[in-house]
Amino acid sequence: MSRRSFVLASLSAAAFSVTALAGCGGTENNSGGSTSDNGGETATPDGTGAVDTGTLIVGFDSAYPPYGYVGDDGEYTGFDLDLATEVANRNGWGVQLEPVDWDAKDTLLNSGAINCIWNGFTVEGREDDYTFSEPYMLNAQVVVVKADSDITSLADLAGKNVITQVDSAALDVLEGDKADLAATFAGGAPQTIGDYNTAFMQLESGAVDAVACDLSIAAYQLAANPDAYVQLDEQLSTEHYAVGFKKGDDATAERVTETLRTMDADGFVEELCGKYADQGISYDNWCLE
């Protein structure tokens, strides 16, 4: 189971943009949240990390089920948002869920408008750009087509319209290791779109022939529409999900990693995977030990 552009000139402008992008605003839970007592010194380079502020401000794509999306009740929900909320609670932090324009995530992170990106976020190829928690979930980049399609292999994508999310891991692969494959697509490159929900609407309508996406996104769509789509057996790549922080925020990354380990050891993670099993989440893919 995405991703658009604008320019933010200052911290105040960035903070305003997050609220505007959220539509009805982010969700905040500050119960138990408090700033860390470091004797006046910060544990993170600029003091914006959750270990300093006492609030985990989660940047996420609100159209990225099952990791982050708008539930039937109109509230933000998803596997990663549930993980983030539990991590915050166990550390006595507040949690603020901020849906963001995916193209703007780096600007928002660097400005301090958010202090982590937690949204089925791929590590591979981004190691130099962020400080990451340790990986917690296995993932892959795959291709989904309509069930009645004559496309059965990656080679069959030649001359076809293939779409993926802007600034996504799938696009990185198709512009990198699989650039030769992408050059065979109609137009000589993949098409891009703002979010995967819309990409699958285009696939359903026949506007495109295939969607390149995360394994988790494919699993969600196949679970929701078992007779509509099939996933090609060949994968574009294999990878891992982790939580992304501003470069240098090692203190928060380490705290989050250790909290996730504890949550796995006491059974919380396996239970949460069960909650989202019908949306394609499997505990077998949890990789943080």
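Leaving out neighbours up to four places away in sequence, Leu171 is in contact (heavy atoms within 4.5 Å) with Thr164, Gln165, Val166, Pro190 and Thr192. This is a predicted model, so to speak of local features takes a pLDDT of at least 70 and side-chain atom pairs count only at pLDDT 80 or more, while totals for chains, interfaces and linings use all residues. Residues are numbered from 1 along each chain as its sequence is written, and side-chain values use heavy atoms, with hydrogens and water left out.

Back to Leu171, which sits in helix H5; helices here are DSSP runs of H or I with at least four residues, strands are E runs of at least two, and both are numbered from the N terminus. Leu171 counts as buried because its relative accessibility is 8%, where buried means under 20% relative accessible area, exposed over 50%, and partly exposed in between (1.4 Å probe, protein chains only). Its C-alpha atom is separated by 7.7 Å from that of Pro190, 19 residues apart along the chain. Asp167 lies in the loop between strand S10 (162-165) and helix H5 (169-175). At 27% relative accessibility, Asp167 is partly exposed, and its phi is near 60°, a positive value in a residue other than glycine.

A cis peptide bond joins Pro65 and Pro66, with omega at about 5°. Most residues other than glycine have a negative phi, and most peptide bonds are trans.

Now for the inside. A nonpolar core is a set of buried Ala, Val, Leu, Ile, Met, Phe, Trp, Tyr and Cys residues joined through side-chain atoms within 4.5 Å. The largest one has 67 residues, and Phe79, Leu83, Trp118, Tyr136 and Leu260 touch the most other members. A second, separate core has 14 residues, including Ile57, Ile114, Val123 and Tyr130.

Helix H3 (residues 79-90) and helix H10 (residues 268-275) have axes that come within 10 Å and cross at roughly 150°; axes are lines fitted to C-alpha atoms, for helices over the stretch in contact, with angles from 0 to 180 degrees between N-to-C directions. On the H3 side, Phe79, Asp82, Leu83, Glu86 and Arg90 meet Phe268, Val269, Leu272, Cys273 and Lys275 in H10.
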